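Subject: Structure handover, with notes on pockets and contacts

Dear colleague,

I am passing the structure below on to you, and my notes on what was found in it follow directly after. Please read them with the coordinates open beside you.

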Amino acid sequence: MGIYNIAVIKGDGIGPEVVESAMDVLTKIGDRYSHTFAFNESVCGGVAYDRYGEPLPKESLDICLMSDSVLLGAVGGYQYDNLPYEKRPERALLGVRKEMGLYANLRPAKLFSALSKVCPLKSPGDIDLLVVRELIGGIYFGEKGMRQGKYGSEGYDIMAYGELEVERIARVAFELAQKRRGKVSSIDKANVLKTSGLWRKCVHDVHSDYPDVQLEDVLVDNAAMQLVREPSQFDVIVTGNLFGDILSDLSAMCVGSIGILPSASINETTRGLYEPIHGSAPTIAGQNIANPIATILSAAMMLRYAFNLSDEADAIERAVDKTLNEGARTADLREEGLPVLGTKEMTEKIINNI
Ligand code: IPM
Ligand code: MG
């Protein structure tokens, strides 16, 4: 029995719909296992810009910093495309991650047996991989700007990684691999990038503390190809911010849809940020068609990692599995012969299976 204070960032686009689904699931878990989940809304992203003129107001950040953990939907929308960089909704997301010091982003991609027909790969095999993405460094956080260059006005973004940044994310990957199948694939572009040269050296240095884990280096272009060719060869993938962003979307599609991939952004404390890997999908917002599963599974990750409630997390994951096995599908998982459910109907079915 416990009381957990969860900061909730609904955000933009489909964010509110999928977060409400996850909150309903948590409430059901609370009833079933006698926990209290207290939700505290933190306004961030485009909605915060509309209301307060900035994407991450201090009060919103404080709510996150004072919570036991944060549940987030998505931020962003076309109407913000021309805003200056600091005002864009995405700044809120990057800002919360950075201010909370959440350097490790875990994105598990597992193929549900019910979704083998939805999976776009011909013979997917047994896909069960975990992308460990460095989240608060690299090119997303390096110096950036505009200047005059040889070809006229030019934009630049600096990619840099320091030893300690690489070492701490490598440790997360090796430790997770020890609890899984004992293999780490470190993804870089060491044939071209200096950052990757250092990345590779640091990952190998840390590896000497984990002799029971197998380590391989894979160049990022090859990794993209291998993910489509034979995704089941991967166990834990560890990589930098930019490559992790791209390869996690690719991994999501390998298991059928980006609508089902959850994520946990963590550090060595228990306070983390839990969000689907998909974005705000503005074109389908407000229509009750978004898939709530990625956010519901993110809530399960929160129970497991932040609150150490593994039975409760298992209960959610089992319910999702059962619901998919019963033939429930949202539009992104459309399958011939099966009816397409809305966000609310899918959520209801999952809740009933808990
Ligand atoms: C993600 C998203 C974000 C990122 C965007 C919205 C800034 O693509 O979580 O993968 O790049 O981290
Ligand atoms: Mg992304």
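Helix 4 gives the largest share of the lining of the second largest pocket, namely 5 residues. Please bear in mind throughout that this is a predicted model. The volume of that second largest pocket comes to about 500 Å³, and of the 21 residues that line the second largest pocket, E90, L93, R97, Y140 and D245 are the closest to its centre. At least two lining residues each are supplied by helix 4 (89-99), helix 8 (241-254) and strand 12 (273-276). Sorted by class, the lining of the second largest pocket holds 9 nonpolar, 2 polar and 10 charged residues.

The ligand comes next. The side chain of R97 places a polar atom 2.7 Å from an oxygen atom of ligand 1. For R107, an N or O atom of the side chain is 2.8 Å from an oxygen atom of ligand 1, and a polar side-chain atom of D245 likewise lies 2.8 Å from an oxygen atom of ligand 1.

The largest pocket has a volume of about 1000 Å³. Its lining is made up of 35 residues, and those nearest the centre of the largest pocket are P108, R180, M301, R304 and Y305. The elements that contribute two or more residues to this lining are strand 4 (104-110), strand 5 (128-134), helix 5 (163-178), strand 11 (262-266), helix 9 (293-305) and helix 10 (310-325). By class, 17 residues of the lining of the largest pocket are nonpolar, 4 are polar and 14 are charged.

Which element supplies the largest share of the lining of the largest pocket? That element is helix 5, with 5 residues. Helix 5 consists of 16 residues and reaches 22 Å from its first C-alpha to its last, close to the 22 Å expected at 1.5 Å a residue. The buried residues in helix 5 include V166, I169, A170, V172, A173, F174, L176 and A177.

Of the 14 residues that line the largest cavity, M159, Y161, S196, G240 and F243 lie nearest its centre. Strand 8 (183-188), helix 6 (194-207) and helix 8 each give at least two residues to this lining, which divides by class into 7 nonpolar, 6 polar and 1 charged.

Finally, a note on one loop residue. N291 sits in the loop between strand 12 and helix 9. Is N291 buried or exposed? With a relative accessible area of 5%, N291 is buried, because that value falls under the 20% cut-off. A polar atom of the N291 side chain lies 2.9 Å from the backbone nitrogen of I293, and the side chains of N291 and D332 are joined by a polar contact of 3.0 Å.

With best wishes

Definitions and conventions: Residues numbered from 1 in each chain as written. Chains lettered and ligands numbered in written order. Predicted model: local features only at pLDDT ≥ 70, side-chain atom pairs only at ≥ 80, totals over all residues. Heavy atoms only, no water. 1 Å grid on protein atoms, 1.4 Å probe; cavity = no way out; pocket = protein on both sides within 12 Å on 5 of 7 lines; lining within 4 Å. Points joined across faces, edges and corners; volume = space filled by probe spheres on them. Helix = DSSP H or I, 4+ residues; strand = E, 2+ residues; numbered from the N terminus. Nonpolar A, V, L, I, M, F, W, Y, C, P; charged D, E, K, R; others polar. Expected span 1.5 Å × (residues − 1). Buried < 20%, exposed > 50% of the residue type's maximum accessible area, 1.4 Å probe, protein only. Polar contact = N/O pair within 3.5 Å; in protein donor to acceptor, adjacent residues only side chain to side chain.
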